[in-house]
Amino acid sequence: MAIQEPPFSIGIEEEYLLVDNDTLDLAVAPEALMEACRAELQGQVSPEFLQCQIEIGTQVCENIHEAREDLKRLRSCVARVADGFGLSPIAVSCHPFADWKDQHHTDKERYNALAKDLGGVVRRMLICGMHVHVGLGGDDMRTDIMNQFSYFLPHLLALSASSPFWQGQDTGLASYRLTIFDNLPRTGLPPTFPSFADYERTVDVLVDLNVIEDSSKIWWDLRPSAHYPTLETRICDVNPRLEDTLTIAALIQTLSRMLFRLRAKNQRWRQYDNFLIEENRWRAQRYGTSEGLIDFGLREIASFETLVDEFIEMTREDAEKLGCLNEIARLPEMLARGTSADRQRAVFQGSQANGNTKHEAMQDVVRHLIEEFHADL
């Protein structure tokens with residue numbers, strides 16, 4: 001009996017930082033701004049943990065083309081409304097020079113509880129991410145694909161890396177965001193579970209003890225959604241450019257279908273211990289796409305040019321079926337332009353070479369991020 005194919009629907013959530021158009025430093029989102037966005041976008045926009053953040057989420061989209069139109073509408077609305085208040089959104093995982101000690105969390109019950117439960121660790125959470133949901137139907141399907149999909153999480157992190165700076169310093173990392181996020185409990189790579197029932201039993205230990213209210217307080221890089229029949233990829237930095245976001249989302253969608261296709265033929269992607277995947281996760285966090293990742297089967301470090309070619313080839317059938325061949329075909333172009341982290345460093349170094357001070361160069365990086373946010377709208 002053939003396995004019923006899941007819908008592979010897609011949903012994208014993004015968190016943005018709001019900056020003052022004059023100082024280019026972070027700014028508190030005025031309540032009037034939030035009200036104006038909610039009036040137009042209803043439940044697709046909300047405040048985030050910090051007052052300088054705003055979160056959007058697409059509707060459930062059947063394909064990447066629907067996701068593009070919805071995400072473009074959401075980004076355009078936030079940019080237009082923010083401009084009326086002298087602000088601009090930037091889709092970046094760390095502001096280049098803002099100080100976390102100057103930020104305050106949003107006065108909502110959920111965020112007040114987080115601040116109380118997590119203490120000083122959560123105060124430094126001046127970071128933004130991108131989450132991609134893929135509709136996979138059955139619970140055991142989600143668990144099985146999660147176990148295999150973990151292998152690809154470092155690849156996605158490397159492609160999305162957008163947080164090289166922290167408090168005015170070059171961290172030397174492509175994704176500094178994860179060094180902050182990993183200080184929270186229940187983060188990192190997901191464990192391997194034989195079944196969804198095993199996953200539920202594990203979560204229920206913490207729920208029954210009132211440690212967490214539900215699985216939404218589990219912040220792994222990849223998790224079964226607590227509220228939707230989806231697998232939620234959470235490892236990515238948020239991307240300044242809309243089309244880069246869509247390319248990464250399409251890759252997540254096609255990899256999910258590729259793993260389903262293997263399952264339907266009673267095959268599997270080989271699973272490796274988290275110890276090894278963590279090494280690639282670190283390489284992605286440190287270098288982005290510049291130094292490659294370990295191919296554990298070949299026991300060699302593969303360049304990202306090689307890895308991207310392999311992605312295109314092994315997901316070609318799935319991308320064609322899902323209608324996202326063009327998005328997957330953009331991977332080499334995206335790689336050639338460099339990650340957002342690479343581009344931010346280039347702007348900073350170019351500005352200093354032109355005689356600007358360090359702070360002026362950091363401001364130029366923010367201007368660059370504002371331009372990239374608007375580039376594909």
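Okay, let's start with a crossing: helix 2 goes past helix 8 in a right-handed way, meaning that the near helix is turned clockwise from the far one by less than a right angle. Before I go on, this is a predicted model, where local features need pLDDT of at least 70 and side-chain atom pairs count only at pLDDT 80 or more, while totals for chains, interfaces and linings use all residues. Residues are numbered from 1 along each chain as its sequence is written, and side-chain values use heavy atoms, with hydrogens and water left out.

Back to the pair. Helix 2 is residues 64-83 and helix 8 is residues 242-264, and their axes come within 11 Å and cross at roughly 145°. Axes here are lines fitted to C-alpha atoms, for helices over the stretch in contact, with angles from 0 to 180 degrees between N-to-C directions. Helices are DSSP runs of H or I with at least four residues, strands are E runs of at least two, and both are numbered from the N terminus.

Who touches whom? On the helix 2 side we have I64, A67, R68, L71, K72 and R75, and across from them in helix 8 sit L242, E243, T245, L246, A249 and A250. Contact means heavy atoms within 4.5 Å. By class, that's seven nonpolar, one polar and four charged residues. For the classes, Ala, Val, Leu, Ile, Met, Phe, Trp, Tyr, Cys and Pro are nonpolar, Asp, Glu, Lys and Arg are charged, and the others, Gly among them, are polar.

Now, salt bridges. That's a side-chain nitrogen of Lys or Arg within 4 Å of a carboxyl oxygen of Asp or Glu, and a search of the whole structure finds 30 of them. One is E232 with R223, at 2.8 Å from N to O. Both E232 and R223 are buried, where buried means under 20% relative accessible area, exposed means over 50%, and partly exposed is in between, using a 1.4 Å probe and protein chains only.

Another one pairs D244 with R337, with the closest N and O atoms 2.7 Å apart. D244 is in helix 8 and R337 is in helix 13, residues 331-337, so this bridge ties together parts that are 93 residues apart in sequence. D244 is buried at 2% relative accessible area, whereas R337 comes out partly exposed at 29%.

Then there's R316 with E313, at 3.1 Å between the closest N and O atoms. R316 is partly exposed at 40%, and E313 is exposed at 51%. Salt bridges with shared partners also link D244, R330, E333, R337, R343 and E372 into one network.

On to helix 14, residues 340-353. Its 14 residues should span 20 Å at 1.5 Å a residue, and the end C-alpha atoms are 20 Å apart, which agrees; the expected span is 1.5 Å times one less than the number of residues. Its buried residues are S340, A341, R343, Q344, R345, F348 and S351. They pack against strand 6 (165-166), strand 7 (169-170), helix 8, helix 13 and helix 15 (358-375). After helix 14 comes G355, with a positive phi near 95°.

Last topic: positive phi without glycine. Q167 has a phi of about 55°, sits in the loop between strand 6 and strand 7, and is partly exposed at 27%. N210 has a phi near 60°. You'll find N210 in the loop between helix 7 (196-208) and strand 9 (219-220), where N210 is exposed at 69%.
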